[in-house]
Amino acid sequence: MLYAANQSVQGAKKDDGGFDGDAPTAILIEANSGSVLFEKNADELRAPSSMMKLMTAEVVFNAVKEGTIKLNDEYRISENAWRKGGAPSGTSTMFAALNSKVSVSDLLHGAIIQSGNDACIALAEGMAGNEKIFAADYMTKRARELGLTKSTFANSNGLPDPGNKMTVRELSMLARHIILDFPEFYKLFGEKEFTWNKIRQQNRNPLLNAMEGADGLKTGYTKEGGYGMVGSAVQNGTRLIVVVNGLEDPEDRATEAKKMLEWGFRNFETRTLFAAGQPVGYAKVFGGESRSVKLSSPVPLKVMVQKNGGDKLIARIVYSGPVKAPIEPGQKVGVVRVWRGPNIAMEAPVYAAEAVGRGSTMRRAIDGASELVIGMFRAGAEKL
């Protein structure tokens, strides 16, 4: 069973006008809380083009963190990598020489700063043997571990393939994860140029020179997907992440991303819904000495709200239950989801704030009978 406890949080009054954007698919989130400020067709699967390189980069970052590869490991530039993604390909490349050996560190620079398709293929072949295995056993597996349930991958770089699909929501989730969990690697996205094979190339992200506090992440283009961008910037201690995709002009994606970020910084502020340790709600208990357990979070639960407005936020605790006793303090019970209108603005785990011991034999029998009756009513209702 899924139980939800309701709690409304009413903000200040606000104007009805929201962001008016032109991108077919778009999302704007606050990085720390994951709070969604704006979304448009955010769950529509589209070709992510070179923005998909974020997934390749994350796989490499994680492998370095876990110690399975090292930054100074060297991978050979195969003829496949050279022809498909190198100088002969006519696509974005780091111009790695055929049969040369390049370190993982330099390949990351080439993939991130220069959007080198050859760099991504070399990383895939070096880690997995070939791109197909890398896409299936490394990228897809890792994406599912991160909660990216819709994304599919057919290669390492986003070059046209029907198997490459991502949503702007999952791209924003991936970007947030990289920013928060790999700060030492995230710095690469803000580097404005990189030279390899005596060829100096500028970072392809136009936001880096166009907006205060912009320091990432990735642009992309294919005929199928159109022009897209994953961007991020920090102003006054607040970091926002924007993703747009499906635009028809490269200038439009830069303008749209910048406009959305500026709108977010101008109109929103962080508000604490629940302090650390403050009761968020209660969950029903089965077979316990108490009929319910108090829930809280060890960290403050925050959400972005409009500065001059009255966002009406609805917070619900969602869990599978009733929760079987005994229950230990700190045991994860479920999540609290906060809606802004029809959209989820924020989601965070909640934990048992207290211990609940096993109840008496009589209590367990009563709870069992109660659940049996509820189950019979539910089964009957489903037949109607």
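**Labels and their cut-offs**

Modeller: In strand S7, Gln-201 is the bridge partner of Phe-194. This is a predicted model, where local features need pLDDT of at least 70, side-chain atom pairs count only at pLDDT 80 or more, and totals for chains, interfaces and linings use all residues. Residues are numbered from 1 along each chain as its sequence is written, and side-chain values use heavy atoms, with hydrogens and water left out.

Biologist: What makes S6 and S7 a pair of strands?

Modeller: Strands are DSSP runs of E with at least two residues, and helices are runs of H or I with at least four, numbered from the N terminus. Two strands pair if DSSP finds at least two bridges between them. S6 (residues 193-196) and S7 (residues 199-202) have four bridges, in the antiparallel sense, so they meet the definition. Two residues lie between them in a hairpin, and Asn-197 in the turn has a positive phi of about 55°.

Biologist: Why is the contact of Arg-200 and Glu-193 called a salt bridge?

Modeller: The term needs a side-chain nitrogen of Lys or Arg within 4 Å of a carboxyl oxygen of Asp or Glu. Here the N to O distance is 3.0 Å, so the pair qualifies. By this rule the count comes to 13 salt bridges.

Biologist: Why is Arg-200 called exposed, and why is Glu-193 called partly exposed?

Modeller: Buried means under 20% relative accessible area, exposed over 50%, and partly exposed in between, with a 1.4 Å probe and protein chains only. Arg-200 has 52%, so it counts as exposed. Glu-193 has 39%, so it counts as partly exposed.

Biologist: What does the salt bridge of Glu-39 and Arg-169 tie together?

Modeller: The side chains meet at 2.6 Å, N to O. Glu-39 lies in strand S3 (residues 36-40) and Arg-169 in helix H6 (residues 168-181), so the pair ties together parts that are 130 residues apart in sequence. Both Glu-39 and Arg-169 are buried. Glu-39, Asp-43 and Arg-169 are linked in a network of salt bridges.

Biologist: How do you know that Arg-253 has no salt bridge?

Modeller: Lys and Arg count as positive and Asp and Glu as negative, while His and the chain ends are not counted. For Arg-253, which is buried, the nearest side chain of opposite charge is Asp-249, 7.9 Å away. That distance is not within the salt-bridge limit, so no bridge is assigned. Arg-253 sits in helix H8 (residues 250-267).
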